[in-house]
Amino acid sequence: MVQDYLGLCPKPGTVSKAAERPGDLLPGGVEAVASGYMDICVAYGFESMSHVETWKGTNSSHWRPTLSFDYPVGGFYSGYYAMMVTRHMKEFGTTVEQLACVSVKNHLNAYYNPYAQKRHRFTIADVRKSPMVAWR
């Protein structure tokens with residue numbers, strides 16, 4: 001629909017979903033031009049998952065056959081990342097405090113961004129006192 005609205009039909013286009021990021025999108029455009037496949041290209045993206053409940057957005061961005069795997073680990077991305085982080089902690093000795101530093105740093109970036117959705121400053125102690133969302 002966006003491609004049509006921009007007057008780009010019937011030009012070739014690619015649609016991706018499930019957490020596409022500019023870091024993934026832009027190299028594809030550069031590659032298309034550099035390879036000679038296209039003379040010019042437009043790389044654009046948007047998301048509308050903030051307009052639906054988390055479970056609905058997650059469900060729509062997952063392949064249906066993975067439901068037997070999704071629900072035992074929480075059914076959301078937090079469950080997947082919890083498993084990966086737990087494995088990282090076991091293999092490399094990463095501590096919960098070190099992981100809390102990542103959260104503190106990321107929230108500090110948002111704190112100084114006037115367009116951020118949640119602009120809060122947190123300390124490591126704040127993060128450690130917050131409820132656990134997913135583990136393993």
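Helices, numbered from the N terminus, are taken here as DSSP runs of at least four residues. The structure described is a predicted model. On this basis, Y44 is placed in the loop between helix 2 (22–34) and helix 3 (54–60).

The protein contains seven helices and zero strands, and its elements follow the order α-α-α-α-α-α-α along the sequence. Of the 136 residues in the protein, 13% are buried. Among contacts with a separation of 6 or more, 33% are accounted for by residues 24 or more positions apart. The protein exposes about 11,400 Å², and carbon and sulfur atoms supply 61% of this area.

Part of the surface was examined around Y44. Together with Y5, L6 and V42, Y44 makes a nonpolar surface patch of about 460 Å². The relative accessible area of Y44 is 31%. Because buried residues lie under 20% and exposed residues over 50%, Y44 is classed as partly exposed.

The loop between helix 1 (2–5) and helix 2 holds C9, and P10 lies in the loop between helix 1 and helix 2 as well. A cis peptide bond joins C9 and P10, with omega at about 10°. C9 has a relative accessible area of 45% and is therefore partly exposed. When residues up to four places away in sequence are not counted, C9 touches Q3 and D4.

Helix 6 was considered in terms of its length and its buried residues. The buried residues of helix 6 are A100, V104 and A110. These residues cover an arc of only 120° around the axis, and therefore lie on the same side of helix 6. In general, an α-helix has 3.6 residues a turn, so residues three or four places apart point the same way. The cover over the buried residues of helix 6 includes helix 7 (124–129).

In summary, the predicted model shows a protein of seven helices and zero strands. Its described features include the cis peptide bond between C9 and P10, the nonpolar surface patch made by Y5, L6, V42 and Y44, and the buried residues A100, V104 and A110 of helix 6, whose cover includes helix 7.

Definitions and conventions:
Residues are numbered from 1 along each chain as its sequence is written. This is a predicted model: local features need pLDDT of at least 70, side-chain atom pairs count only at pLDDT 80 or more; totals for chains, interfaces and linings use all residues. Side-chain values use heavy atoms; hydrogens and water are left out. Buried means under 20% relative accessible area, exposed over 50%, partly exposed in between (1.4 Å probe, protein chains only). Helices (H or I, at least four residues) and strands (E, at least two) are DSSP runs, numbered from the N terminus. The arc is that of the directions from the helix axis to the C-beta atoms. Contact means heavy atoms within 4.5 Å. Patches are made of residues with over 30% relative accessible area and no salt bridge: like charges are joined within 9 Å, nonpolar side chains (Val, Leu, Ile, Met, Phe, Trp, Tyr) within 5 Å. Accessible areas come from the Shrake-Rupley method with a 1.4 Å probe; for residues, only the protein chains shown count as cover. A salt bridge is a side-chain nitrogen of Lys or Arg within 4 Å of a carboxyl oxygen of Asp or Glu.
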